[in-house]
Amino acid sequence: MAVVKPVLLRSLNRALRNLGGEKSPVIAGHKLLYRCNLECKMCPFWRREDEELLGLPDEIRVMEALARAGVSFLGFEGGEPLLRRDVGAILKEAHARFHTSLVTNGWLLEQRLSEVAPHLDLLFVSLDGIGETHDRLRGIPRSYERAVSGMRASRAEVPTVISHTVTRDNVDQAERVVELAERLDVGVTVQIAYDYRTADAMSPKPEQLRPVIERLRDLRKSGAPLLESVDYFDAILGSWYGEKPWRCKPWLTINVDPSGRIVLPCYVLQEYQGSLPVWDVDVRTLWNSFNWAPYESCNKCALACYLEPSLFRWTDFASLRDRVLDASVNYLRRTARSSSRSPASGLIQIGAAAE
Ligand SMILES: C[S@@+](CC[C@H](N)C(=O)[O-])C[C@H]1O[C@@H](n2cnc3c(N)ncnc32)[C@H](O)[C@@H]1O
Ligand code: SF4
Ligand code: SF4
């Protein structure tokens, strides 16, 4: 229960500020390093050089700055976060302040599980397909086997979710990955590969992608353990295949690089990078002076961490029901029975906090 009080107070405070027209971030994504033990074709991050990484005292300064800015959800990523020896200590500090998540390729999961699981509300394990398809895309034999055995171990310790990225080389795999999630009794979230300039262009062709999105939407409607809402799939179809763009609100997510600097407007475009660490930045002033307007109609990516919170509306009853009422019930159940936590509850609450 230790995290409930500061997060709830922060949400209330943020809601009041937003009523007054202020912008503030709800979710933070923090890359703990760029280094990785795999070399996935579609990924730009392992190709970057790490500067000196932050130690625990500076990681805590990052967290304090994010809490001051109003953040409730802190997600750790990289590179491969489980390569950091101090990841358990960082997560322990984070969990005292935020709802926490971490995304890993799973290679080291079994080995590091006991250090990270107690401090996580949600664990994402990336899987690009079944068996050989995954190994080919990740470039290392046995990476599928290790990710799956990591999930078999983690699911009893922490709500676990497969993070599946659809590329042009695995568009036939999404449904099989959802079936695997059902068999493993874990959740599943789906990303669509974005063509970063500094990685191999792997995003699926529009005609390949459309039936996959339609099928995933149907699976979600029929109760598959997908974290994305039906609205999420509808927004992609409306924007990329229709005339109905969704309005991106990148200010709901703040990104912090491995050196503690803010990246704007989002981690995908990375058009601006601060020169100061986040603890030396007045985030409230920056957030309310930055020109977000050109990005509201961007629609270039469909990353759930941006699209899902951007869709939330207090005035939309269905959205209120799915993301607030159901989420509250899930959350109360989860806190009452912490040993049987629902894999979906963490994400739904992102909507609940997103004003
Ligand atoms: C960058 S990785 C970092 C964490 C960890 N190394 C992993 O693979 O899960 C986080 C997520 O980004 C996804 N990803 C990598 N390249 C991507 C791209 N071009 N577009 C969208 N998602 C991508 C990965 O599949 C993974 O699920
Ligand atoms: S997607 Fe993850 S595992 Fe693959 S290279 Fe990028 S950071 Fe590493
Ligand atoms: S839609 Fe555009 S502005 Fe919004 S998160 Fe994606 S790339 Fe960034």
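**Exercise 1.** Determine how the residues of the shell around ligand 3 divide into nonpolar, polar and charged.

Solution. The model is predicted, and local features need pLDDT of at least 70, side-chain atom pairs count only at pLDDT 80 or more, and totals for chains, interfaces and linings use all residues. Residues are numbered from 1 along each chain as its sequence is written, while chains are lettered from A and ligands numbered from 1 in the order in which they are written. Begin by collecting the shell, where a residue is near a molecule if its C-beta atom, placed from the backbone, lies within 6 Å of it; this gives 13 residues around ligand 3, the closest being Cys248, Cys266, Cys298, Cys301 and Tyr306. Then assign classes, with Ala, Val, Leu, Ile, Met, Phe, Trp, Tyr, Cys and Pro as nonpolar, Asp, Glu, Lys and Arg as charged, and the others, Gly among them, as polar.

**Exercise 2.** Decide whether Ala67 is buried, partly exposed or exposed.

Solution. Next apply the cut-offs: a residue is buried if 20 or more other C-beta atoms lie within 10 Å of its own, exposed if 12 or fewer, and partly exposed in between. Because Ala67 has 17 C-beta neighbours inside 10 Å, Ala67 counts as partly exposed. Finally, leaving aside residues up to four places away in sequence, Ala67 touches Pro6, Arg10 and Arg97, contact being C-beta atoms within 7 Å.

**Exercise 3.** Compare the reach of helix α6 with its expected span, and identify what covers its buried residues.

Solution. The expected span is 1.5 Å times one less than the number of residues. Helix α6 (residues 143-154) has twelve residues and reaches 16 Å from first to last C-alpha, close to the 16 Å expected. Its buried residues include Tyr144, Ala147, Val148 and Met151, and their cover includes α4 (109-116), β4 (122-126) and α7 (174-184). Val125 touches Ala147, Gly150 and Met151, among others.

Definitions and conventions: Two residues are in contact if their C-beta atoms, placed from the backbone, lie within 7 Å. Helices (H or I, at least four residues) and strands (E, at least two) are DSSP runs, numbered from the N terminus.
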